[in-house]
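Biologist: I would like to go through the labels on this model one by one. Please set each value against its rule.

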Amino acid sequence: MSQLPACPKCQSPYAYADGAMLICPECAHEWSPNEPVEDSGKVYRDANGNELQDGDSVTVIKDLKVKGSSLVVKVGTKVKAIRLTDEGDHDIDCKIDGIGPMKLKTEFVKKA
């Protein structure tokens, strides 16, 4: 049996052939093995491995101290309408109610 490539969308190793197309059972992406794979850029994933996109809502999974302040972002804080960035070591720009604009790392959030 030949080795099939991983899904170009979610990198799942469980792709299978259906006629001339390859199908990913995890994200339902279909592609032709003959077409060139486009590079979609950096993929942002939350702490559970779910793919994040601009406008998603996320939940904080760990208490986070705010630098230069005595404020703390508590576990379970819901953040709406995130914006993904490549600037610095923080991946998410957002606005948290009661705190204001912040930058977060994807490893401390989960998709809501």
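Biologist: What makes K111 partly exposed?

Modeller: The relative accessible area of K111 is 34%. Buried means under 20%, exposed over 50%, and partly exposed in between, with a 1.4 Å probe and protein chains only. K111 is therefore partly exposed. A word on the source: this is a predicted model, where local features need pLDDT of at least 70, side-chain atom pairs count only at pLDDT 80 or more, and totals for chains, interfaces and linings use all residues. Residues are numbered from 1 along each chain as its sequence is written, and side-chain values use heavy atoms, with hydrogens and water left out.

Biologist: Why is the contact of K111 and D56 called a salt bridge?

Modeller: The rule asks for a side-chain nitrogen of Lys or Arg within 4 Å of a carboxyl oxygen of Asp or Glu. For K111 and D56 the N to O distance is 3.5 Å. K111 sits in strand 13 (residues 109–111), and D56 in the loop between strand 5 (51–52) and strand 6, so the pair ties together parts that are 55 residues apart in sequence. Strands here are DSSP runs of E with at least two residues, and helices are runs of H or I with at least four, numbered from the N terminus. D56 counts as buried, at 15% relative accessibility.

Biologist: How many salt bridges does the rule give, and what makes D89 and K105 a pair?

Modeller: The count is six. In the salt bridge of D89 with K105, the closest N and O atoms are 3.8 Å apart. D89 is in the loop between strand 10 (83–84) and strand 11, and K105 in the loop between strand 12 and strand 13, so this pair ties together parts that are 16 residues apart in sequence. K105 has a relative accessible area of 25%, and is therefore partly exposed.

Biologist: Where do D93 and K103 lie, and which network includes them?

Modeller: Their side chains meet in a salt bridge at 3.2 Å, N to O. D93 is in strand 11 and K103 in strand 12, ten residues apart. A network of salt bridges links R83, E87, D93 and K103. D93 is buried, because its relative accessibility is 12%. K103, at 38%, is partly exposed.

Biologist: How do you know that C7 is in no disulfide?

Modeller: A search of the whole structure finds zero disulfides. The cysteine sulfur nearest to that of C7 belongs to C27, 3.7 Å away. A disulfide needs a pair of cysteine sulfur atoms within 2.5 Å.

Biologist: What keeps C24 from a bond with C10?

Modeller: Distance. The sulfur of C24 is 3.6 Å from that of C10, its closest cysteine sulfur, so it is too far for a bond.

Biologist: Are C7 and C24 buried or exposed?

Modeller: C7 is buried, with a relative accessible area of 0%. C24 counts as buried at 1%.

Biologist: What makes a set of residues a nonpolar core, and which residues have the most contacts inside the largest one?

Modeller: A nonpolar core is a set of buried Ala, Val, Leu, Ile, Met, Phe, Trp, Tyr and Cys residues joined through side-chain atoms within 4.5 Å. The largest has 16 residues, and V79, I92, C94 and L104 have the most contacts inside it. Strand 6 (58–60), strand 11 (92–96) and strand 12 (100–104) each give two or more residues to this core. Strand 11 supplies the largest share, three residues.

Biologist: What does C94 touch?

Modeller: Not counting residues up to four places away in sequence, C94 touches V79, I82, G100, P101, M102 and L104. Contact means heavy atoms within 4.5 Å. A second, separate core of six residues includes C7, A15, L22 and C24.
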